[in-house]
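Morning, everyone. Let me put the model up, and then we go through it piece by piece.

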Amino acid sequence: MRINDYCILPYLSSTDQSGFPLVARIIQIFNQKNITIADSQGVIYHSAFLSGSLKRQATLAVGDFVRYEKIANSYRITTLLNRNNQLVKNTSAARKSVHVKNGIQLIAANLTDVFVVIACDQRFTISLLERYLLQFQVPNTKLRIILTKQDFQSDFLKIKQLILKSYPKLAIFAVSIYDQPSFAIFKKMLSNKSTSIFIGASGAGKSTIINQLAGQTLQKVCQVRFGDQRGKHTTTSARLYFINDHFGYLIDTPGIKEIGLTNTAGTDVFADIDDLAGHCRFKNCRHTNEPGCAIQAAIQTGQLDATRFQRYEKYRRELDHHHKNKQGKQQ
């Protein structure tokens, strides 16, 4: 029988004489004195706490690999091990927690798959989709779009058509609790070594997906509010679950209200516009009324949608603003 090692084995040191050095993975974070971790044997420990030096050196996230030590009946986390990647979002300056540093909230780390969950009974715009794609495409992961509540047939078809019109190559998957075979898609996408995160608005169905895959209620779910179809924030903090060898490790997250852009890593969402800009006559072209502007020429011929370019410019200004603020805080 395979041991549930929480993907810790690659982090174990071959020089340790004990055979099982004290390496763990973070399962959930409530505060700096109440962190749930799991070891390489699948044993879960509650109420672990950060060492004083680690508090000053790093901000931890669900999915992180750490070293820890046992002190009496407690567990002290001493070292953050190298991350493969991390998922972040902007956060309000009014809300501070162990996850928050300089206005950026760490959501999770060491991921293989990112699932953006969009409910067919909630308000949808292409701008919302683009923000998900821009912010949550991180290195060494696959990002996929999951449309839930596809039993809202007319809304489902409308959203799917809107997405495919703008991004015809984007993979879209649909699930519904009234269509159990639809969940079989996850068996093809996940494995025993995968760590997947589900992100989306409250009421989108993130917890419901995880419960369906587990075959039991791991996360409490509530009915959405009548009127705006928003959830009631049943999930209050990110939490990593082991389901089985088919699905690996799944991370449920609280609902996202806003998606402020902070991800300056390159994505292919607007690769066509970036390519066109490279053909402008002037390197410093502002793409307004300059002669030889490839962007404006493409808009005039219908090759490029003008409203899509306007959104592109808006996102770029937002990222520039974030970058300048970040530099100002570091000085």
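Salt bridges come up first, so here is the cut-off: a side-chain nitrogen of Lys or Arg within 4 Å of a carboxyl oxygen of Asp or Glu. Two notes on the source. This is a predicted model, where local features need pLDDT of at least 70, side-chain atom pairs count only at pLDDT 80 or more, and totals for chains, interfaces and linings use all residues. Residues are numbered from 1 along each chain as its sequence is written, and side-chain values use heavy atoms, with hydrogens and water left out.

Now the pairs. Side chains of opposite charge can pair when their charged atoms come close. The structure holds 10 salt bridges. Take Asp272 and Arg308: their side chains meet in a salt bridge at 2.8 Å, N to O. That pair links distant parts of the chain, with Asp272 in helix H6 (residues 271-277) and Arg308 in helix H8, 36 residues apart. Helices here are DSSP runs of H or I, at least four residues; strands are runs of E, at least two; both are numbered from the N terminus.

How accessible are the two partners? Asp272 is partly exposed at 37%. Arg308 is buried at 10%.

Next, Arg131 and Glu318. Their closest N and O atoms are 2.7 Å apart, in a salt bridge. Again distant parts of the chain are linked: Arg131 sits in helix H2, Glu318 in helix H8 (residues 306-330), 187 residues apart. Arg131 is buried, with a relative accessible area of 15%. Glu318 is partly exposed, at 23%.

One more. Glu290 and Arg286 form a salt bridge at 3.1 Å, N to O. Glu290 counts as buried at 17%, whereas Arg286 is exposed at 59%.

On to the cores. A nonpolar core is a set of buried Ala, Val, Leu, Ile, Met, Phe, Trp, Tyr and Cys residues joined through side-chain atoms within 4.5 Å. Which residues have the most contacts inside the largest one? Leu129, Phe136 and Ile197, in a core of 57 residues. Helix H2 (residues 126-136) gives the most to this core: six residues. A second, separate core has 19 residues, including Phe198, Ala204, Ile209 and Leu250.

Look at Ile197 again. Contact means heavy atoms within 4.5 Å. Leaving aside neighbours within four places in sequence, Ile197 is in contact with residues including Leu87, Leu111, Phe115 and Ile251.

Now helix H3, residues 153-166. H3 has 14 residues and reaches 20 Å from its first C-alpha to its last, close to the 20 Å expected at 1.5 Å a residue. That expected span is 1.5 Å times one less than the number of residues. Which H3 residues are buried? Phe156, Ile159 and Ile163. They cover an arc of only 75 degrees around the axis, so they lie on the same side of H3. The arc is taken from the directions from the helix axis to the C-beta atoms. On the other side, Ser154, Lys158, Gln161 and Lys165 are exposed. The buried residues of H3 pack against strand S9 (113-119), H2, strand S10 (142-148) and strand S11 (172-175).

Last, backbone. Tyr6 has a positive phi, near 55 degrees, and is not glycine. Tyr6 is in the segment before strand S1 (23-31), and is buried at 4%.

Methods: Buried < 20%, exposed > 50% of the residue type's maximum accessible area, 1.4 Å probe, protein only.
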